[in-house]
Structure formats: structure tokens, C-alpha cells
Amino acid sequence: MRRQIIKEREDWKSQADSLGFNFHSMYGAAYWFEAACYRFTLRQIEDDIEDPCNELEQMCFEIVDQAIQKEEMLLKLSIPENFWDYIRNSWINKEKNLYGRFDLSYNGKSPAKLLEYNADTPTALYESAVFQWIWLEQAIQANIIPSGCDQFNSLHERLVEALKNFGINSKLHLTSCKGYAEDEATVRYLEECAIQAGIETNFIYLEDIGQDDSGVLVDLDDEDISALFKLYPWEWLVKDEFSAGVRNTEIQVIEPAWKMILSNKGLLALLWDNFENHPNLLPAFFPQDRRAADFTKGYVKKPLFSREGANVEIFSCDGLRDSVGGPYGEEGYILQALEPLPVFQSNHTVVGAWMVASQASGLCLREDDTPITKDTSRFVPHVILD
Amino acid sequence: MKRTRILKLSIMSASALTLIACERSQEVGIFESLEQCSNQSIFSKEECSKSERLARSEHIRVSPKYISVTDCERDFGEDKCEMAPQRTTTGGSVFMPMMMGYMMGSMLTGGRGMMPQPLYRSMDDLKNFRTGDNQKVSSKSGITRVAKGLTRTPSTKTRTIRRGGFGAAARSVGTRFSTAGKFRRFGGFRSFGG
């Protein structure tokens with residue numbers, strides 16, 4: 001695993017604009033960054049990322065299996081009691097899941113360590129599946145990178161395939177909130193995949209979803225919503241006024257409700273509890289756990305529901321070192337052993353491994369000037385070259 | 001290859017776009033009929049007829065299957081479907097689109113040869129030939145180059161009927177409610193993502 005400085009394609013910005021990747025620059029800085037790329041060997045991809053992620057996913061399933069049977073686990077995860085049965089049923093009925101992203105600390109040598117699992121609402125999907133893929137093809141053509149380069153990126157194929165297997169025979173509604181270009185692009189892209197899977201789709205802003213007297217959710221044409229992809233966190237949805245419309249009706253939701261157990265940072269503590277010393281896990285504990293006192297190299301405090309690095313605080317041995325503000329934290333938090341991200345040419349880099357239908361299917365690399373990856377961290381493409 | 005082979009975008013991009021991963025392409029013949037094949041000089045008449053015969057037998061195996069002729073015609077057009085030799089588990093009829101052409105490779109190229117396969121045209125995209133796996137092949141017949149992935153043998157379509165195999169057959173199941181104005185809205189959202 002190396003970071004290599006390379007030439008940018010001259011027209012990438014106009015290409016991005018025409019491809020609907022209109023958030024390539026955010027807050028005045030480049031979000032898409034192709035003046036460098038990360039280079040992996042095939043062995044690193046397959047042995048260090050792909051296989052371990054498939055294994056982690058199976059471990060996660062074991063946690064879900066346990067959690068739906070143990071109320072104290074659901075309590076620890078701050079999941080509202082009125083959704084417990086709904087979550088249990090979604091798991092027992094084997095409701096299919098579409099995608100997620102493991103964030104890993106990986107330096108190319110030691111085992112990748114799981115930092116967190118974005119199991120419910122991961123973004124950066126479109127730029128991973130499409131723009132990164134196009135970059136590879138064009139960069140090869142422009143002799144920016146060698147012609148033998150490959151990429152760990154079968155996201156598009158796998159997403160279409162996975163959506164076909166959902167067996168959705170009604171309309172699939174897809175939703176995100178108004179005013180968030182990045183979320184909307186992710187949803188629009190999944191709509192594209194759904195269409196290619198032969199599914200009839202309808203995009204609707206979350207705010208525009210209606211509910212009739214019997215609790216059924218409807219779209220702007222007053223038609224029932226029977227299958228819904230939502231890029232909106234479950235833990236927020238369960239608190240919304242219309243949440244009963246999801247819980248009490250036959251609506252199929254993607255991601256399914258059992259993902260609430262996995263998208264929760266408490267998962268990290270539950271994983272460690274069950275699979276202590278697994279090479280791809282970091283020690284992690286709920287705050288009342290006495291073992292949390294044994295962190296020798298510092299620790300990270302993560303709110304159960306935090307996203308995009310919000311409210312994450314790093315405590316190294318010499319005291320508070322870095323933190324990011326945000327709206328999360330009331331629901332509780334976990335403590336995870338500090339595993340600083342590897343630094344490549346002054347960049348702190350996190351490896352995101354995409355799971356599609358629970359199969360490792362691609363990579364996205366994000367780098368930041370600081371040790372915490374945030375929503376403004378740069379997206380840098382990668383290649384596989386032995 | 002660890003990456004997607006063909007990337008298609010229709011609603012995201014300003015103009016519809018199909019990109020093919022730069023993998024090896026293969027020279028193939030695409031013909032609407034045996035006669036058309038026989039009128040060119042790359043493939044011999046014998047290759048043409050042998051390939052056509054093989055494609056016809058593959059057609060029965062790989063074509064999309066329907067339990068209703070109406071559903072089949074919705075995807076492939078009026079009078080463009082035929083009875084398949086298969087039967088449903090309860091003995092009912094099965095329908096499939098007619099073969100509209102076939103794709104063949106040279107049999108002389110040894111290991112690089114390909115199994116001839118049938119081609120179809122769906123209602124929502126009449127100008128293009130598609131494989132039994134609904135992969136867009138080409139709008140033109142004759143000798144052409146296609147991505148190697150397209151020459152793979154298509155999968156068997158069993159009697160398990162799945163609708164919408166070609167093109168999205170509009171099928172709305174929504175019930176209309178006359179409750180406009182009574183709907184409440186979700187409210188109070190923040191930004192999120194992961």
C-alpha cells in the first residue's frame with residue numbers, strides 16, 4: 001500500500017458536473033482528489049481486506065442473533081423498546097440488506113482494524129462505484145497510471161445484482177432529505193441501479209412522504225409506499241411522528257430494521273466482548289466496563305449514533321488531542337482503543353470497505369490533514385497493481 | 001478483474017452513458033438470419049448454419065420465460081412471443097420472446113471461440129440487440145467487435161417466472177386514497193451521512 005503522486009485529468013471537474021457528481025468540491029476545498037492515488041497489491045486487497053470483511057460481516061450477524069434475544073443488549077444500544085419486536089421480526093424474517101461500509105485502519109502491513117461499521121446510511125457510494133471507476137479507465141488511457149492497473153470495485157455490478165435479488169415486485173420508493181446534495185446523489189445512484197435491476201422506482205423527499213388515516217405511508221400521488229429505500233438513519237426514524245407507519249405496516253424498508261444493531265457504535269463493544277483478540281478488532285467497551293481502564297495507548301470516545309466523525313474525541317496518553325463537535329452524544333457512547341490512522345505523505349488515511357448484500361465489493365479511501373476522518377475529508381482513488 | 005465490467009448511467013448523467021471497462025474485445029458476427037450470415041465472407045456458410053442451429057437450441061434454454069403471453073408481449077411487443085417447450089410445475093404454458101438474431105464467433109480461432117447465442121430486441125429499446133441475459137450488444141448487424149464479457153454463455157432461464165426481465169414493465173400496485181390535505185409530514189431533519 002503506497003500513496004503515489006500522479007497527474008490529474010484536465011477535465012475531471014466538468015466530467016464530474018456532467019455525471020451528477022456535483023459535490024466534488026465542498027466548503028471551498030476539493031473533496032474528490034486525484035492528484036494522488038493509493039496503490040495496493042492484489043494480495044493486500046484479497047487477504048487483508050476482502051476476506052477479513054466477509055468474516056467481520058459474519059461476526060456481526062452473530063451479534064444480531066444474540067441481541068434480538070437479549071433485552072439488555074438492546075437497552076445498551078439505546079434502541080427504543082417499541083421497536084424491539086419490529087427489529088426481531090426483520091431478522092427472523094430474513095429481510096435482505098443492501099449495503100454498508102466498514103471503516104478500517106490499515107497500513108498495508110498489519111491486520112486491518114475495524115474502526116466502525118456504517119451499516120445503515122453510508123454515503124460516498126456514487127463516487128466509489130462510478131467516478132472512481134471512470135477515473136481508472138481514463139487514467140489508464142491517458143498514461144497517468146500503468147495499463148495493468150485494476151481496482152477493487154465491483155460495486156455497480158453487485159448493487160444491480162443485489163437489487164434484483166430483493167424480489168421487489170412493486171414500486172421501490174427511494175428517499176432522502178431535501179437540501180443535501182451528497183445524500184441525494186447517493187439515492188439517485190441507487191435508483192439508477194434499481195432501474196437497471198428491472199425495478200420500477202420513484203424518488204421522493206422524506207419530507208414529502210404522507211401518511212393516511214390507517215397509518216399507511218404514501219407518495220405525492222397518494223399511492224401506497226410498499227418498498228422504501230431510505231438514506232436516513234433508523235435511530236432518527238424511530239423517533240419521528242410517522243414511525244408507527246413503518247412499524248405497523250407491511251412496508252419493506254432498505255436497510256432492514258436489524259441494521260439498527262450494526263450501525264450503532266455499541267456494536268464495537270459487543271464484537272470485542274464476543275470475539276476478544278480477533279486480529280481485525282480493537283478493544284472497545286461500554287463506559288461502565290472496568291476493562292476500559294486498561295487502555296494503555298489512549299482511546300477514542302464515540303457516541304453510539306455518531307456519523308461523519310461528529311462528536312468523536314481522541315484521548316491520547318498525554319490528554320485530549322483532537323475532537324470534532326456535533327449534535328450526537330446524548331444516547332451514550334463507547335470507548336475504543338486508539339489505533340491512529342496510518343499517515344501517508346502527511347495524510348491520515350482511512351480505508352472504507354464496501355459490502356454489498358454482505359459481500360465485500362469495493363474500496364474507498366478518504367484522507368484528512370487531521371487524525372479524524374470527517375465529511376470534508378478528501379476522497380482519493382486507488383489501484384491494484386502487483 | 002476486480003472491477004465492474006460495464007457501467008451504464010441513464011438518469012445520473014447529463015446524457016445517457018454506457019462505459020465498458022477496457023477489457024479485451026472480441027470479433028463476432030451478429031446476424032438477423034442465416035441468409036444474412038451467408039452473404040458475407042468472414043464466416044463460411046457451414047459455420048453460419050451450424051452457429052444458427054446452436055443458437056436456436058440455446059434460445060430455448062436462455063430466453064426469458066413468462067407464464068402469460070401478455071406479460072411477454074408487454075416486454076417484447078405484439079406477436080413477438082412464442083410458446084416455449086417448457087411447462088410450469090402445474091402443467092401450464094410458458095412463453096418466451098422470439099429469437100431476433102444470433103451472435104457467433106469464429107470457430108477457427110480455437111480456444112478463443114465462443115458458443116453461438118440467440119439475440120433479442122425488447123420493446124423499450126428496439127434498436128439494440130440484447131443477449132438472453134439482457135445485456136445490450138449492438139444496434140448493427142454484421143461483423144463487429146463487442147466486449148469479451150458479452151460473449152459469455154447466458155444463464156439458463158428456468159420456469160421460475162420473473163417479470164420485467166427486459167425493460168421495466170410498468171406495474172403500479174398503488175391504491176389511491178382520497179385523503180389529500182389530511183396528510184401530516186415528517187419534520188425536523190438534520191444533516192447526516194456516514
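Reply: **The core and what surrounds it**

The largest nonpolar core has 80 residues, and I49(A), F102(A), L104(A), W234(A) and I261(A) are the members that touch the most others in it. A nonpolar core here is a set of buried Ala, Val, Leu, Ile, Met, Phe, Trp, Tyr and Cys residues joined through side-chain atoms within 4.5 Å; buried means under 20% relative accessible area, exposed over 50%, and partly exposed in between, with a 1.4 Å probe and protein chains only. Helix 2 of chain A is the top contributor to this core, giving 10 residues. Helices (H or I, at least four residues) and strands (E, at least two) are DSSP runs, numbered from the N terminus.

A word on ground rules: this is a predicted model, where local features need pLDDT of at least 70 and side-chain atom pairs count only at pLDDT 80 or more, while totals for chains, interfaces and linings use all residues. Residues are numbered from 1 along each chain as its sequence is written, chains are lettered from A and ligands numbered from 1 in the order in which they are written, and side-chain values use heavy atoms, with hydrogens and water left out.

Back to I49(A). Once its neighbours within four places in sequence are set aside, I49(A) is in contact (heavy atoms within 4.5 Å) with F40(A), Q44(A), L104(A), Y106(A), V351(A), A353(A) and L363(A). A separate core of 56 residues lies apart from the largest one, and its members include C37(A), V130(A), W133(A) and C149(A).

C37(A) leads us to a sheet. In strand 4 of chain A, C37(A) is the residue that Q4(A) stands opposite. Strand 1 and strand 4 (residues 36–40) of chain A run antiparallel, joined by four bridges; two strands count as paired if DSSP finds at least two bridges between them. The open sheet they belong to has three strands in the order 1-4-22 (chain A), with mixed pairing. At its edges are strand 1 (2–5) and strand 22 (382–384) of chain A, each of which pairs on one side only. From one strand to the next, the twist averages 35°.

Chain B has three helices and 10 strands, arranged from the N terminus as β-β-β-α-α-α-β-β-β-β-β-β-β. Of its 194 residues, 44% count as buried. Among contacts in chain B between residues at least 6 apart in sequence, 59% join residues at least 24 apart.

Finally, the cysteines. Over all chains the structure holds two disulfides, each being a pair of cysteine sulfur atoms within 2.5 Å. One of them joins C37(B) to C48(B), with an S to S distance of 1.9 Å. C37(B) sits in helix 1 (residues 34–38) of chain B and C48(B) in helix 2 (residues 45–62) of chain B, so the pair ties together parts that are 11 residues apart in sequence. This link of C37(B) and C48(B) is left-handed, with -75° about the S-S bond. C37(B) is buried at 0% relative accessible area, and C48(B) is buried at 0% relative accessibility.

The other disulfide joins C72(B) to C81(B), S to S 2.1 Å. Its torsion about the S-S bond is about -90°, so the link of C72(B) and C81(B) is left-handed. C72(B) is buried at 0% relative accessibility, and C81(B) is buried with a relative accessible area of 11%. By contrast, C60(A) is in no disulfide: the nearest cysteine sulfur, that of C53(A), is 9.8 Å away. C60(A) counts as buried, at 0% relative accessibility.

Methods: Axes fitted to C-alpha atoms, helices over the stretch in contact; angles between N-to-C directions.
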